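Here is a short briefing on one protein model. Look at the sequence and the structure first, then read the points below.

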Amino acid sequence: MKEMFIFLCLCFWILAGVCGAEVKSVSVTEGDSVTLESALTEMKSNDLIMWRFGNNLLAKINRKDNKRETFNGPDGSFTDRLKLDSQTSSLTIKNSRISDSGLYNITTSSSNTLLNTFNLTVYARLPVPVISNSSSVQYCSVSCSVLNVSAVSLSWYKGNSVLSSISASDLSISLSLPLEVKYQDNNTYSCVINNTISNQTTQLNISLCQPCPDVSLLLQVWIISAAGGSLLILAAIVICIWRKLRNSNREVQTCNTEITYADPTFYKKSPRKIRATESDAVLYAGVAIR
């Protein structure tokens, strides 16, 4: 008997239009304005139109005298941010906030029905991803980071193809996504953060991915050139350093050759003969090389 009563009540509400209104999803970025349409086609002269946020009355318009009123809402959070259209009865929320997310509905006194119900979601404005790098021997290691985000995805793209991706839940957290790029890679890489309605993109500056120079040599050049203040001196120093590096490379190539020096043996040359013949071989020193 109790179940039948509940069923009849539900049927009555649906026929009356109270529970039959479709919930429409609306999304907006924080700080932007959003308009919730009334969907009114015919209005009687004595209609009282009312907008609610949850159970809180936000705005009303009396068609009898066309008087409009807006209210501050819970905790005064809607103060000076509501606009009610006198012709369409649509409600505009200016400078939207995260706390504005929730259910909104509009009713009319003449038919006692829900004309429209909206589920509004206000998304935080997305930050611009920040790319940092640290070089290694063979790869340029880069990382893309965003701070204090929620309900977003962070992805690395190579051209139009997704290389990797990571998502954040509804909680506010920080995300970081690494990527390794070979030196002298000419492909286009970009880091993208996005939510349901917007995105932000940062392109990877491929010039960041260059092998690290010899800092000690560059420092020597800078110090000496700064002290002398002469371009000629600077050019001479650069040439000397280049020669030093070239000689160092040659030494590295021959560093595996082992040289053993033998003890020298000397023979006394006969003073009677001016020239040495083939039979008078003279050995001054013996050297063995492996």
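This is a predicted model, and the protein averages a pLDDT of 74. The pLDDT is the predictor's confidence in each residue, from 0 to 100. At least 70 is the score of 60% of the residues.

**Ground rules**

- Numbering starts from 1 along each chain as its sequence is written, and side-chain values use heavy atoms, leaving out hydrogens and water.
- As the model is predicted, local features need pLDDT of at least 70 and side-chain atom pairs count only at pLDDT 80 or more, while totals for chains, interfaces and linings use all residues.

- Residues 1–20 have a pLDDT below 50. Beyond near neighbours in sequence, this stretch has nine contacts in the model. A contact means heavy atoms within 4.5 Å.
- Where pLDDT is low, the predicted coordinates should not be read in detail.

**Two buried loop residues**

- Leu-40 sits in the loop between β2 (34–36) and β3 (48–53). Strands (E, at least two residues) and helices (H or I, at least four) are DSSP runs, numbered from the N terminus.
- Leu-40 counts as buried because its relative accessibility is 18%. Buried means under 20% relative accessible area, exposed means over 50%, and partly exposed lies in between (1.4 Å probe, protein chains only).
- Leaving aside neighbours within four places in sequence, Leu-40 is in contact with Ile-49, Thr-88, Ser-89 and Leu-115.
- Leu-40 and Leu-115 are 75 residues apart along the chain, yet their C-alpha atoms are separated by 7.3 Å.
- Ser-77 lies in the loop between β5 (67–70) and β6 (82–84). Its relative accessible area is 17%, so Ser-77 is buried.
- Ser-77 is in contact with Asn-72 and Arg-97, leaving aside neighbours within four places in sequence.

**Two positive phi angles**

- Most residues other than glycine have a negative phi.
- Asn-95 is not a glycine, but has a positive phi of about 50°. Find Asn-95 in the loop between β7 (91–93) and β8 (102–108).
- Is Asn-95 buried, partly exposed or exposed? Asn-95 counts as partly exposed, because its relative accessibility is 44%.
- Ala-151 is not a glycine either, and has a positive phi of about 55°. The loop between β11 (139–149) and β12 (153–158) holds Ala-151.
- With a relative accessible area of 29%, Ala-151 is partly exposed.
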